[in-house]
Amino acid sequence: MHYPRPLHTLIDSLKKLPGVGTKTAERFAFQMLDWTEGELKEFADHLSHLKSQLTSCSTCGCLIEKESCQYCNLDRRDPSQICVVSSPRDVFLFEESHLYKGCYHVTNGLISPLEERYPQSMRFDALKERVIKQETKELIIGFDSTIEGDATALYLKELFADHPVKISRLAFGIPVGSSLEYIDEGTLIQSFSGRTHF
């Protein structure tokens, strides 16, 4: 399509969002054209101030607004557990469950030599320091069930091999409410291997 340059530029920008293709970006852009000047300015202000209003906690790596981090407040969190995740977004997913009351540690990615992400660029040394300082009893690995997630989990297991800390990983298996006939082989194997006492 030969859109006017400002509209074409907006569509290209929107396509940088995950899961947004050309058609979706066009739909978003034309929807924005229906917004008032005030709504557009407010949206632009939110975008322009996003990075300046958010920061990463220097200890755990979670996204925070202020100086103090609610996830590192040891009066409210259990320091004996640290859940290790690859992205700050994962923290919010765990918090939504209201089940976990321990601390977090964000690695900012998973090991992937193909994408030139190596252990040296992750926050593993900082994690080891925290485990020792907080006398952490358990590391809960909350990575995706992918090759990169498995490789990073294995690296952490080896990193703490000589340290008296329990290392556990999120269970993988059959989603709640699903039928066995629709489960792929890999998921079924993980479910069977990780079966628990009933």
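Visitor: How many bridges join S3 to S4, and do the two strands run parallel or antiparallel?

Guide: The general idea first: strands of a sheet pair through backbone hydrogen bonds, and the pairing can be parallel or antiparallel. Here, in what is a predicted model, S3 and S4 run parallel and are joined by 5 bridges. To pick out one of them, look at Asp78, whose bridge partner in S4 is Gly102.

Visitor: Which order do the strands of the sheet take?

Guide: Read across the sheet and you get S4-S3-S5-S6, 4 strands in an open sheet with parallel pairing. The edges are S4 (102-106) and S6, each of which pairs on one side only. From one strand to the next, the twist averages 25 degrees.

Visitor: What lies across S3, S5 and S6?

Guide: That's H6, and its direction is at about 170 degrees to S6. H6 has 13 residues, and from its first C-alpha to its last it reaches 18 Å, close to the 18 Å expected at 1.5 Å a residue.

Visitor: Which residues of H6 are buried?

Guide: Gly149, Thr152, Ala153 and Leu156 are the buried ones. They sit on the same side of H6 because they cover an arc of only 100 degrees around the axis. Turn to the face away from that buried side and you find the exposed residues Ile147 and Glu158.

Visitor: And what covers the buried residues of H6?

Guide: The cover includes S3, H5, S5 and S6 (166-169).

Visitor: Let's turn to the core. Which residues of the largest nonpolar core touch the most other members?

Guide: Leu127, Leu139 and Leu156, out of 16 residues in that core. Two or more residues come from each of S3 (78-85), H5 (124-134), S5 (138-141) and H6 (147-159). H5 gives the most, with 3 residues. There is also another core apart from this one, with 14 residues, including Cys60, Val91, Phe94 and Tyr100.

Visitor: What does Leu139 touch?

Guide: Leaving out residues up to four places away in sequence, Leu139 touches Ile82, Val84, Leu127, Val131, Phe160, Val165, Lys166, Ile167 and Ser168.

Visitor: What does Phe172 touch?

Guide: Not counting residues up to four places away in sequence, Phe172 touches Phe143, Ser145, Gln190 and Ser191. As for Tyr118, 54 residues apart from Phe172 along the chain, the C-alpha atoms of the two are separated by 25 Å.

Definitions and conventions. Residues numbered from 1 in each chain as written. Predicted model: local features only at pLDDT ≥ 70, side-chain atom pairs only at ≥ 80, totals over all residues. Heavy atoms only, no water. Core = buried A, V, L, I, M, F, W, Y, C linked by side-chain atoms within 4.5 Å. Buried < 20%, exposed > 50% of the residue type's maximum accessible area, 1.4 Å probe, protein only. Contact = heavy atoms within 4.5 Å. Expected span 1.5 Å × (residues − 1). Arc of directions from axis to C-beta. Pairing = 2+ DSSP bridges. Axes fitted to C-alpha atoms, helices over the stretch in contact; angles between N-to-C directions.
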